[in-house]
Each structure stands twice: as C-alpha cells, then as structure tokens.
Amino acid sequence: MNLKPNREMPEYPGLLIEEPNLSAPADHPAKTIIEPPRGWQVINLREIWRYRELLYFLAWRDVKVRYKQTAIGALWAVLQPFLTMVVFSILFGRLMGLDTEGAPYPVFAYAALLPWTFFSGAFTRSGNSLISDANLISKVYFPRLILPFSAVISMLVDFGIAFIILIGMMLYYGITPGAAVLVLPLFLLLAFLTALGIGLWLSALNVKYRDITYVIPFMAQFWLFLTPVAYPTSLIPDRWQLLYSLNPMVGVVEGFRWALLGNPYIPGMPLILSTGAVLALFIGGLFYFRRMENEFADVV
Amino acid sequence: MGYVTLREAIVTAAQVPWQILRDGGPRNSRKEFWALKDVSFEVRQGEVLGIIGRNGAGKSTLLKILARVTHPTTGRAEISGRVGSLLEVGTGFHPELTGRENIFLNGAILGMKKVEILRKFDAIVDFAEIDKFLDTPVKRYSSGMYMRLAFSIAAHLDPEILIVDEVLAVGDSAFQKKCLGKMGRVASEGRTVLFVSHNMPAVVSLCDRALLLESGKLAAEGSPASIVQQYLAKEMSTSVIPLDQREDRSGDGSARIEFLKVESTDPDKIIRSGSRLKLTIGYSSDRSVQRPQFVVSIYDQMDTGIFLLHNDFVGGLPETLPSRGSVTCLTDPINLTPGRCYVHIELLKGNVRADLVPYAGYFDVEADDLFGSGMVPPRDWVLYMLGHSWWLNED
C-alpha cells in the first residue's frame, strides 16, 4: 500500500499578494567577478555614480539625525561660527587690534569661519565615518568611499545655513561683493576636496588604529591656529609665507575673503600652493583608501 | 529576466585569512586561519541552494564573500545577475528616524532605487503591519515591530540572486510563518537563492540542493534531505562518546551530566514502536544538588520536538540529590513510527541551568506491529501511531 499524501508546500496564512515584476536592473552590470584584490586599485567612478542615491541618502540621514536630536536643531549650524566670531572679535578685534585690511573685524573673521567650520566639521565626520557605520560595512556591499564622501556632503547643509547669516552680516555692514564673488564656489570646492582628502586618510587609518578618533579633535584645533581665521595672512613673516601656504585652508580662507569682501590681498601664490597640496592630499587619500578598503570588513 | 544567465562558479579555492589585530599591534600576533578552503560549486539560475554546517564551519564567510563584503584570498567567483544580500535585517536603521524614513534609508542601503522604494512602499508597510506607527521614531518600536519592518523591507528586495543568512529566525511564530511563506514564494518565483540556515525543516522544504560545510571545507553536496541527514548524523556520531568529554555544552557548570543510557523495557532490550523507554542519566556536582530539574527533550531527524520529559511535570525526585549519582526515567509506551530519535538533556538547579548537552544521544525505533495488522506508517509521513477503532453507523 503506497498512498503518499500530496507533498506540496503549505500556504502559510497571512501571505501578501506581491507584485510579480522584477525591478529593472538597467544599470547593473551583467556579470560580477569576485577576485582577490591586487595592488593599487583605481577609483571606479562609474560604480560611485551607480550608488549616487545611497550617497544622497546617507548624507540626508546625517543631516536629519543631527537636527532631530538637538533642541535648537538647525541653529547649531549657525551658533558655532557665530559665537566663535563674537569671541574672536572681542579678543583679537578689539583688544589686540589686528589689522584686517579694511573690513570690519567681525565680517573678516566670519567670512573665514564659514569655510573653516565646514572644513573642520567635514573632515571630523569623514574621519570617523567608517567606524561609526561599521555595521554597514560588515553587512552590505557598496563602494566604501561613499561613507566619507557623504559625511562631507552633509556638512554642506550646515554651510548653507551659516552662509545666510553671512549675507545678513554683510548687509548690516553695508558690504557688497564685487564680481569676484562668482569664484566663491571654487574656493568652496577647494575646501571640500581638502576635507574629503583628509577624511579619506583619516577614516582608513582609523579602522586600523582607533586612536585616530582621539587625534581628530586635536588636529582640528591645531589646524585652526595654522589657518588665517582670526588673523590675516600678512601677519606671518615673509620667509615663512611659502611654507605657511602649503596649508590648503590658507588659500580657501583668503579666497573667501577676497571674493566676498573685496580684500585687496589677492591670494595668488598661496592659492597655487594650496591647490597643489590639496590635489596631492586628495589623490593620495584615494589610493590609500582603496588599498585599505579590502580589509575594512574584516577589521572594523 | 531576459539577458541574464545565472551561473555562479567559484573555480578554485576561496580562502580568507583572518588577521587578529586586537591583541597587541598589527603585525606581531598574526594568526593565519583559513575560514574557507577549496570550496567550489555552481548554482544554476532559479536554483535554491541551502548551505548548512556547524557554527564556525565557514557559512557566513562564504556568504560575505559572495555578497562582496569581504574579499577572498585566492579563487574566483562569477555572478551573473543582480545580487541582493540579506546578511542581517535592519542594517543601517537609525533609532532617531521614523519608520517611513528608515524604509527609505534601509532600502537604499540594500540597493533599491528611490523609485523602487516608492513603488513598494505600501506593500512594505502592509507586510510589516506598522502603518499606525509609520511616523514615530523607530526607537519607540517594540522589538517585534522593529524586526517586522526590517524583514519586510528586505523581503521586498527582488534581486535575481538572493543571499540569505539565517535571518528567518526573527519575530513571533505568526510572523515567522509569514516570512517562511514569503521565502517560499521567492523560491518558487524562479529566483536564485543561497540560503544559510540552522532551520533544517525549512532547508528541506525550500531548497533544491544543499551544501554541507565542515571546518571551511565542502563536505558534501546533494539533495537537501540527504544533506540534512548527513549533517544530523555527524552531529549524532558524538553520542557514542560518554558525555563527560563533550565540549559543546552550556550552562553554569555547577553540575554536569556524565552519561546517558537509553533502553527499552522489552525483554530483548530493543526499542520498538510500542516500547516504554528507560533513560538513565548520570550526573555529578561539587556539592549536593538542590531542587534538581532534569529535562529530556526527544527530537526526530528533522529537528521536530516529539517529547519533553521533566521531573517537575510528574514529580518523583527528592528535593536534594547527592553530589554524585544517577536518575532513571521510565516512559509510557512511545508509539513512535520507526526511525531515529535524538535526545537532548538539560539539568537545572533551582531554575538555573547547570548543564545542557544538545544531541546527547540517539536511539532507533524499530517497527512494531502495534495494530496487529502488519501495517505501519513510515516516519516521513507521521511521527505517532495512535490506537483507534472503526465501526459502521446503524441506519
């Protein structure tokens, strides 16, 4: 007697009727090859482009979370540079009477604090990005570059908010910028690339050597002193000017001041040196990051 | 699915070195350990492949390599088609964001485009049953809600190849059933699935083929039923070792189960369908055992629970036992169909687990003419043989 019962897979209750269609993998390559990584790898720009939505979402997440948790929310983006400007104005503007090449000290300082706050916030977040999103790295594939990249992008929102205050201040002091202001985005780009470049180095190093997390705030502080935020570049003795200008933020800050306030000081040489330094930093960072990327998931 | 021919071939070995960097410095304490060695296999389009093995066998590493989270040291894999990997549910969930926001975030992390997420949004919310709480921060969700949402997003991923790592063990049983159903749907829709699990019944029912991994090596491949059988049999072969040598036990160790003996009350000692079981359990402890609880669980080959024997159910043991000794449990006739059964033993003191030995032993039930008609149902139909009678109704 061999009456085998019908062995079909039972329908579980509560099952939803789903749509049958497959999402079109239009921009996904037909074949993926998984191999051990070899030597120095180049950045796969097409892949980054394919993951652009994730880039956006991670930046969006950072911004949302930052402002949800705090009571004053978006105001923080403004408070930091603004209050620093106030302190600087009192200390350096009034008490020490630094020469600010024609512009009122508060605007002089704020115009520099604006890109500076963006920069220091960006490289700090970027440097910690791999560690803080370690759970993503160990579970999902995406080009790891997206993490430090999105961290820098998220700071642009803060920059935008703080920029509005700058406009307010400029109106208050009756300063109208000349045509040079059109070049402002280029200086912002310079700051962006610098922050990302450092972020790439720091985040990759941070995965291996966790102390980097503690080094970052110190770096930020130290760097602030080395950047002409509170003081003008002209304060630096001539023989040190060249070395000093290797700091990319020198070019950025003086560039901002020149574009916005019409500073007579055209940052020619400093800018060239700064740009050169940034490119070296950024490209070096890309290569180092890519090389270390393969070990991230194992170590993080 | 058009242009895609799914052929996933790991041609040579896939090996991953594991650097233990945490103990002192990056290079000094570098231990080499091959999480996988010489694992090669092919998966055809539309196939559901189950991967089973003990913890530490390399299953997760294999999935991680295929999901491109980790790189192989040597070897090569070719994957044709879009891969969705579910190594975890709820990856990237942020507690401060609302359910709605997390759907977009998690969906994007898993690889869905925004338009795709929008299109599936309602389906995701319905499956997870959280539409009332869509706009509350996820930190306020109960763990059940959290898991349901996480699984729901993952379940709507729709890739051509799905790699799943034991994520079915989430939620309450009603939801688990839903998830299994969904998995079954996915499998029957012709998608390729790689499925790592400890849930043997699920592996047998969902998979077309199975691989058995053992210490990083491919030990066997074949039909799910036979692979599961091999796996459980290997687990069981340890039952011939007296229990004091077993390493895979858990519990606080304040008492230990020393041995297990399973016998039949039949004169020839053979365990049959109609036999009563006599289990003798030896134990030892450093002091007398207060409020002892012996829990014996008997499972079948498919890891389905059959019986639970517990001295608290029926009494019989004193409140305090001497520090060394043995107890015996006598059952009613077991009435099981012929086949193998596995025994797990647990010993608790008060309500604290002192020792738990899974798969402590096994026994085979021989066929027995319980009904007197010579007919016995097979084990893969049913577990029990129930006494019954029939008659024709008057009028």
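Visitor: What makes S10(B) and strand S11 (residues 276–285) of chain B a pair?

Guide: In this predicted model, nine bridges join S10(B) to S11(B), and the two run antiparallel. Pairing requires at least two bridges, so the nine bridges between S10(B) and S11(B) qualify them as a pair. Within S11(B), Lys278(B) is the bridge partner of Glu263(B).

Visitor: Why are S10 and S16 of chain B called edge strands?

Guide: The open sheet has three strands in the order S10-S11-S16 (chain B), with antiparallel pairing. Strand S10 (255–264) and strand S16 (324–333) each pair on one side only. From one strand to the next, the twist averages 20°.

Visitor: How do you know that the span of helix H4 of chain A agrees with its number of residues?

Guide: H4 (residues 105–132) has 28 residues, which at 1.5 Å a residue should span 40 Å; because its end C-alpha atoms are 38 Å apart, the two values agree. H4(A) does bend, by about 30° at Leu113(A), and Pro115(A) follows within four residues.

Visitor: What makes H4(A) mostly covered?

Guide: A residue counts as buried if 20 or more other C-beta atoms lie within 10 Å of its own. Of the 28 residues of H4(A), 26 are buried, so the helix is described as mostly covered.

Visitor: Which residues have the most contacts inside the largest nonpolar core?

Guide: That core has 147 residues, and those with the most contacts include Ala109(A), Ala111(A) and Leu49(B). Its largest share, 15 residues, comes from H4(A). A second, separate core of 29 residues includes Ile257(B) and Val262(B).

Methods. Residues numbered from 1 in each chain as written. Chains lettered and ligands numbered in written order. Predicted model: local features only at pLDDT ≥ 70, side-chain atom pairs only at ≥ 80, totals over all residues. Expected span 1.5 Å × (residues − 1). Bend = angle between axes of the 7 residues up to and from the residue. Buried ≥ 20, exposed ≤ 12 C-beta atoms within 10 Å, placed from the backbone. Core = buried A, V, L, I, M, F, W, Y, C linked by C-beta atoms within 7 Å. Axes fitted to C-alpha atoms, helices over the stretch in contact; angles between N-to-C directions.
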